[in-house]
Amino acid sequence: MLSSSLHAELEAQARAIVGNAFRIDSVTPVNGGDINTTLKLEGPEGAIFAKLRPAHDAAMFAAEADGLQALAHCDAIRVPAVLGVGEAADQAFLFLEWLDMSPLRDAATARRAGAALTALHQCTGEHYGWAQDNFIGSTPQRNLETDNWSQFFVQKRLQPQFALAASKGFKGDLQRNGERIAERAPGLFVDYRPPVSLLHGDLWSGNLAALADGTPVLFDPACYFGDRDTDVAMSELFGGLPLEFYAAYRASWPLAEGYEQRKALYNLYHILNHLNLFGGGYLRQAERIAAMLATELGR
């Protein structure tokens, strides 16, 4: 699984970070790594969760560590502690605290997670956006800090994804509707200025789990400050989360009027990103959402 040189270098890096006693006796693949190699590095002193990518992608792990530290600083929900970021052999690595986690399987755990997300969104900033660029999956996510939320979402979220889709050959009605959406989307925000909430940024069921005692855990963030609806909306994609999660969230902080239309706008970003990352299997869904939004925003 690991070459002898990479094994030795990762062990040396781990010792420098967590202590000279650490030794890698076993390396176990961890399920769920779509774009990274994910491993459990285990020895007599305990275990480390490790992510690996080619060294030229090291900026992705630096951005992920930045997001995890921002979430941890908010202290609203548990996240894996960042142990270290660096390079070993020809690989970039991210070392995280090893946590034994499982999906949100019961109602009580789902309710705790919903309330914890509310607490996260009540950690607010001064400006929408983020101080540095980061990534959504492996796609660069450009950021700036601004007081104009609709402009930020159109210019730094939707338009780059539409442009990337065009570069991959996804043109025609998708692009025409994208232009209409970019022009008309600010109309959704004439009477709605969302709180400047700290966002996970990539919140789907695969990035939220729980410890054995029911403590919810968030990971794999793409953080920025923005409308909390973006997190809630994405959590409804790809199978969604238990109903108790949403009930607890809404009981703690009800969503504002117009959420359903904003949900479609916000989720178009993620569907476009999946189109760009994984190909034409997402094209019809992207075209359908874009056409619906272009029509509704034109009324």
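**A close look at helix H4**

A: Let's start with helix H4, which covers residues 149–167: its 19 residues reach 26 Å from the first C-alpha to the last, close to the 27 Å expected at 1.5 Å a residue. That expected span is 1.5 Å times one less than the number of residues. Helices (H or I, at least four residues) and strands (E, at least two) are DSSP runs, numbered from the N terminus. One thing to keep in mind is that this is a predicted model, where local features need pLDDT of at least 70 and side-chain atom pairs count only at pLDDT 80 or more, while totals for chains, interfaces and linings use all residues. Residues are numbered from 1 along each chain as its sequence is written, and side-chain values use heavy atoms, with hydrogens and water left out.

Now follow H4 along to Gln159, where the helix bends by about 35 degrees, with a proline, Pro160, following within four residues. The bend is the angle between axes fitted to the seven residues ending at a residue and the seven starting there. Which residues of H4 are buried? They are Trp149, Ser150, Phe152, Phe153, Val154, Arg157, Leu158, Gln161, Phe162 and Ala165. Here buried means under 20% relative accessible area, exposed means over 50%, and partly exposed is in between (1.4 Å probe, protein chains only). After H4 comes Gly169, with a positive phi near 95 degrees.

Helix H8 is a handy one to look at next. It spans residues 259–278, and its 20 residues reach 28 Å between the first and last C-alpha, close to the 28 Å expected at 1.5 Å a residue. H8 is mostly covered, with 16 of its 20 residues buried. Just past H8 sits Gly279, whose phi is positive too, about 105 degrees.

Lys263 counts as buried because its relative accessible area is 17%, whereas Glu236, at 33%, is partly exposed. For the record, a salt bridge is a side-chain nitrogen of Lys or Arg within 4 Å of a carboxyl oxygen of Asp or Glu. Side chains of opposite charge can pair when their charged atoms come close.

In total, the structure holds 12 salt bridges. Another one links Lys51 and Asp220, with their closest N and O atoms 2.5 Å apart. Lys51 lies in strand E3 (residues 46–54) and Asp220 in the loop between E12 and E13, so the parts they tie together are 169 residues apart in sequence. Lys51 is buried because its relative accessibility is 5%, while Asp220 is partly exposed at 23%.

With a relative accessible area of 15%, Phe219 is buried. Leaving aside residues up to four places away in sequence, Phe219 touches Leu68, Pro80, Met101, His200, Gly206, Asn207, Leu208 and Ala209, where contact means heavy atoms within 4.5 Å.
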